[in-house]
Amino acid sequence: MRKLLIFVGVLLAVHIALLLVHPSGAAEPPTGDAVDVGIVFDMGGRGDKSFNDGAYLGAERAEKELGARVRFIEPGEGSDREAGLRLLAAEGMDIVLGVGFIFTDDLTQLAKEYPNTDFAGVDFSVGQDKNGRIIQPPANLAALKFREEQGSFLVGALAALVGNSKKVGFVGGMNFPLIHKFEVGYIAGVKAVCPDCEVLSQYAGVTPEAFRNPGKGKELALSQYQQGVNVIFHASGSTGLGVFEAARQTGKLAIGVDADQFNEAPGYVLTSMVKGVDNAVYDAIKRVKEKRFKGGIYQYGLAEDGVGYVYDRNNEKLIPPAVRARLEALKREIIAGRIVVPSTK
Amino acid sequence: MSALNFLSQTLRIAVPYLLAAAGGVLSERAGLIGLTLEGYMLGGAFCAAAGSYAAGAAGMGAVAPWLGVLAAVLGGAALSMLYAASAIRFKADQIVVGIAVNLLAVGLTRFFLRLFFDSSSNSPRVPGFDVKGSGTGFVSLAHNPLVWIGVIMTPLVAWLLYRTPFGLRIRAVGEHPAAAASVGVPVVKVRYMAVALSGMIAGLGGAYLSLDQHQFTDGMTAGRGFIALAAIIFGRWNPLLAGLACLLFASAETLQIQLQGTQMIPSQFVEMIPYVLTIIALAGLVGRASAPAALGKTTTE
């Protein structure tokens, strides 16, 4: 019993000691006119080659070009996300960013508690009240949203145009509305250029775990390729790495998401549906720096270059000029509002 | 969807379950709960990727994935020894330590991922076994020695448990450690060895996952260790039945993958099959499900 008490005592002491050293730089209060930026990453964290890295890039650019001071927190499993945001807000950061839809509720809560701090949420999920009206976020909270359906529409059209098959594939991560946006836009894109094409769409699961189960992703993709699909678009985080692996193994094509994923499987990546998370994050920080930050909903679509598809030296051989021209025409139609891409099932 | 494709996909999904369950049976039959299978697999998956990457970078070519396999066995063994030492030497509650070991595996793999590869989610591409362009059928499966190991492991463990003196000792210390000790069986030693073996074999299951993907992904086991544990229970602690349960669970998963998209029956129902079956098995509806008598109990010998 005494041993146990001593053990617990030592552990407590260590914890307290760690608490004192942990937030490095927290001791000196933020001063001067440099913008202090705090960012909490979503599951996956830095190095996910996806939107966390996008946010990191944007913050890095803000450091260089705007002289911002940036602090990152990478939460582990479970519920310490809110704690990370709270820590940064309490330290007097000028702007606190949460990367990922998962921060939606925490950001809304904290924005109310810290009215003098600015907040921004990437992929912030805007709620609706009983009558279907959109609930505006608090005045100091910017919801950075992307029109993923528009980018997905274009890669859907591309998949149907170069796929050389009446079947095209989609692999989603967690089966929920944010990913449905990708799926619905993609299907609309396929149907726009090939009305009798069929889209096989599958999801890896119904929990956030479904975003990092590459084994499942590979099996889903293999079964789609077997059924005659030649191109698969994935919107499934790390699960998609399995889709690329399946593309390599079968010699077929896959479409990346969020960032340019060409390097995951060179030669087998048709294109990627990219989201300009870096620009959105940079813009938010810039607005704080210039003291014109406003809360509200920010939509980044094709018109704002917030979403798009990759066309460069790496994949130009896979995309014939006629197809490229067709895609650009579709893009202009969407920007002009002549094509309205659906975003919900 | 041909029957052959269905079978090969089922087998691909089943291999990690088969390995984890084969290892888990040994541990459970010796009286130590196999809650840690998930952790062993995750540790094994990471060690396999790291070992294969290091060997590949050192220019060892075709041997590289084998070094990954070796690293996975060692990694699984290391985690299992931690569990065994806490549960046997320090007589800690097995459930509590088991959960701790799983959490530790998550934390350690993430820590080393950061340290070695400077990423919080993925390792770089590592050498694996498969041959490029080998397609999706049995040909690509046959190229992967871990598939063979996975298939052979179940009968091997059954033979070990039921046909060798060591297996008899494992069963004895799991049923009645005091009686085993009274006839001179070194209870503690046998338990350590059974747990070490379980860690090694489950580590192989992790190696299959990461080498098949050519990369380690944070949390990539995604609960497979727990499904293997369910298969053990469903198989009533018999390695052969547990192996069959693994195949059953894997075929349910294949069915779920194939049914998704078609509107025949909601795929969520098919996804539930393994869990519903396990609950039925545990509720004793199909005969008596009796665990090894000393499972989860600390022994004073």
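Modeller: Val171(A) has His234(A), in E8(A), as its bridge partner. This is a predicted model, where local features need pLDDT of at least 70 and side-chain atom pairs count only at pLDDT 80 or more, while totals for chains, interfaces and linings use all residues. Residues are numbered from 1 along each chain as its sequence is written, and chains are lettered from A and ligands numbered from 1 in the order in which they are written.

Biologist: Do E6 and E8 of chain A pair in the parallel or antiparallel sense?

Modeller: Parallel, over four bridges between E6 (167-174) and E8 (231-235) of chain A. Strands are DSSP runs of E, at least two residues, and helices are runs of H or I, at least four, numbered from the N terminus; two strands pair if DSSP finds at least two bridges between them.

Biologist: Which helix packs on the sheet there?

Modeller: Helix H6 (177-193) of chain A, which touches E6, E7 and E8 of chain A. Its direction makes about 170° with that of E6(A). Axes are lines fitted to C-alpha atoms, for helices over the stretch in contact, and angles run from 0 to 180 degrees between N-to-C directions.

Biologist: What is the strand order in the open sheet?

Modeller: E7-E6-E8-E9-E10-E12 in chain A, six strands with mixed pairing. E7 (198-205) and E12 (307-309) of chain A are the edge strands.

Biologist: New topic. How many residues of chain B are in contact with chain A?

Modeller: 30, against 31 residues of chain A. Contact means C-beta atoms, placed from the backbone, within 7 Å.

Biologist: Which element of chain B gives the largest share?

Modeller: H1(B), with four residues.

Key
Two residues are in contact if their C-beta atoms, placed from the backbone, lie within 7 Å.
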